[in-house]
Amino acid sequence: MAKADNHRVMDSGRGPQAADVWDLFDFSWSPKEGGLRIALSRILDRCAAWFDASTGSVFLKAEDGDYLIAAKTGNGNRTPDGVRITRGMGIAGLTIEAGLPLLVMNPSENPLLAGKIARRNAEISSAIVVPLMDLDAGCIGVMNLARENPKPPFTQEDLRHVASVVRQISLAVSNVRLFDGMRLAMLEARGARQKLEGALRSLGVAVIVIDAEGRVTNMNPRAGEFLGVRARPYADWSKLLEKAPEALASSIADAMRRRIVTGESMRIRGHEKTSGRSWSLVSAPMPDGGTSLSIEEVTEHERYVAELSRVTRLAEIGQMSATIAHEIRNPLAGISMAAQMLTEGPEYVEEFAGIIQSEVRKLNELCEGFLDFARPLTLREKETDLAQIVEEQMRLFRPRYQEKGVRLEKRVEQAPVPFVGDADRIAQVLVNLLQNSLQACSQGDRVIVRLWKGGFSVEDTGSGMSEKALENLFTPFFTTKPDGTGLGMCHVRKVVDAHGGHVEVWSQAGKGSRIAVDFESRIAA
């Protein structure tokens, strides 16, 4: 075939030569030159010229599953810009559904279209509709070529040639879409990284990222300020510690050793005596085997907490002083009356001496309780096993529960993990809770002790607490029991606070109570 120009007109029944097919893709797919749609327009123009088509169009699959117009050619092409093809509807939709190229002359005579297409377009002598197929994605588009009257209809040979060209177009479109997808993913990843780095730079928390080989891959300016170095990558994380405060350097080294040995997260609270600075360091393993470190300055927070604790303590002591003064009056009144009766009637010495001894014992218990609450709590730490503590105390309490007709049960939701703490103090906490639940229950009630990784709870079906009692549960000397001191729950909170844990309370009058004690921070540290 003679080569007149870039747009060859083929005789009916002949198709483009191999050189023509390669020439078909001899253009740039660069987004700067319009991208895929411009490229498809060029392809469509050449295909229309090769096969002497009056009009042509290419539709590509959209995210919603329909096929949208991507390119069109021909002076008489009246295809609207916003038109879409739905799979299984119309000639193109049925072709997409079948996944096979189609030569259309009279729709009523075509096995695929008969009974589905209402009438023939009198202006069209014939049309070729070919799906763009991808091995993985299926039908990714469809090309239509049409000849208007009086041009002769397309032949089966034309269909074969068009189908061959469209296979090459399908491959090119798939490759371009893959490339565009990769390029978009790279741009998104680059944008996400830039956003992340921007966020890290603006954080008031120091962040350091260390890979599995111990190289510092990222750190923000705040980390540089903390460590006294420039915020830049380092070949070895240990280089970061050369100018860091000694206590902070020790904490980071400890965290890295823990990561290497156990691969676990950890939280460290540190304090530098010379500067008075305090910090919180958290290390966490990363999926690639590396470690992320975050360091937060908590100096002002620690000072605020200490001051708040001091003021709260003074307020509590003031309240206790008023309460103690009130509580002392009753025993003193009893002692005074008994002493007066002894002077008036010596024959009652034995009786009134007993009263004096009883009231003195009450005063002594009151003073002991006050002193125990007021003095700082010293922990005698050793490895503590919550499961063992619960088992021992339940064994000791079970006879008293059985005597009152109250069921005592244990449920292990998660095996406790041993940690360093004061086992005797924690046992006192459990004793207080078991005692309170027993006193709140009647015959037929039930008390459940639940255990999990870092704590326990005591839950009962007893009388519960009123809103006032719940609000004042940890107020010193507040009690609803005739013989209570009102210091039991204060002692519970004091012990738990000393271990860095927390207490949660739920109660409703007439339905029971649940008090949970958690030492999870001890395990994390």
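Reader: Which residue of strand 10 is the bridge partner of arginine 269?

Author: The model is predicted: local features need pLDDT of at least 70 and side-chain atom pairs count only at pLDDT 80 or more, while totals for chains, interfaces and linings use all residues. Residues are numbered from 1 along each chain as its sequence is written, and side-chain values use heavy atoms, with hydrogens and water left out. Strands (E, at least two residues) and helices (H or I, at least four) are DSSP runs, numbered from the N terminus, and two strands pair if DSSP finds at least two bridges between them. Within strand 10, the bridge partner of arginine 269 is serine 280.

Reader: How many bridges join strand 9 to strand 10, and which glycine in their hairpin has a positive phi?

Author: Strand 9 and strand 10 (residues 277–285) run antiparallel and are joined by seven bridges. Their hairpin has four residues between the strands, and the residue that takes a positive phi, near 80°, is glycine 276.

Reader: In what order do the strands of the open sheet lie, and what is the average twist?

Author: The open sheet has five strands with antiparallel pairing, in the order 8-7-11-10-9. Strand 8 (216–219) and strand 9 (266–272) are the edge strands, each pairing on one side only. From one strand to the next, the twist averages 20°.

Reader: Which residues stand opposite isoleucine 208 in strand 11 and in strand 8?

Author: Strand 7 (residues 206–210) pairs with strand 11 (residues 291–297) in the antiparallel sense over five bridges, and with strand 8, also antiparallel, over three bridges. In strand 11, isoleucine 208 stands opposite leucine 293. In strand 8, the residue opposite isoleucine 208 is methionine 219.

Reader: How many residues of strand 7 are buried?

Author: From strand 7, Ala206, Ile208 and Ile210 point one way and Val207 and Val209 the other way, and all are buried. Strand 7 is thus described as mostly covered, the count of buried residues being five of its five.

Reader: Is valine 229 buried or exposed, and which residues does it touch?

Author: Valine 229 is found in the loop between helix 5 (221–227) and helix 6 (246–262). Because its relative accessibility is 17%, valine 229 counts as buried. In space, valine 229 and leucine 240 are 7.0 Å apart, C-alpha to C-alpha, although eleven residues apart in sequence. With contact taken as heavy atoms within 4.5 Å, and leaving out residues up to four places away in sequence, valine 229 touches Met219, Gly224, Tyr234 and Leu240.

Reader: Why is the pair of phenylalanine 397 and tyrosine 401 assigned its class?

Author: Rings of Phe, Tyr and Trp (its six-membered ring) pair if their centres lie within 6.5 Å; planes under 30 degrees apart count as stacked, over 60 as edge-to-face and the rest as tilted. Phenylalanine 397 and tyrosine 401 both lie in helix 9 (residues 386–404), four residues apart, about one turn of the helix, and both are buried. Their ring centres are 6.3 Å apart and their planes at 70°, so the pair is edge-to-face.

Reader: At what angle do helix 10 and helix 12 pack?

Author: The contact involves, among others, Arg425, Ile426 and Val429 of helix 10 and Met489, His491 and Val492 of helix 12. Angles run from 0 to 180 degrees between N-to-C directions, the axes being lines fitted to C-alpha atoms over the stretch in contact. Helix 10 (residues 423–440) and helix 12 (residues 488–498) have their axes 9 Å apart and pack at an angle of about 145°.

Reader: Against which strands do the buried residues of helix 3 pack?

Author: In helix 3 (residues 90–98), the buried residues are Ala92, Gly93, Leu94, Thr95 and Ile96. Just after helix 3, glycine 99 takes a positive phi of about 70°. The buried residues of helix 3 pack against strand 2 (67–73), strand 3 (84–85), strand 4 (102–104), strand 5 (124–134) and strand 6 (138–148).

Methods. Buried < 20%, exposed > 50% of the residue type's maximum accessible area, 1.4 Å probe, protein only.
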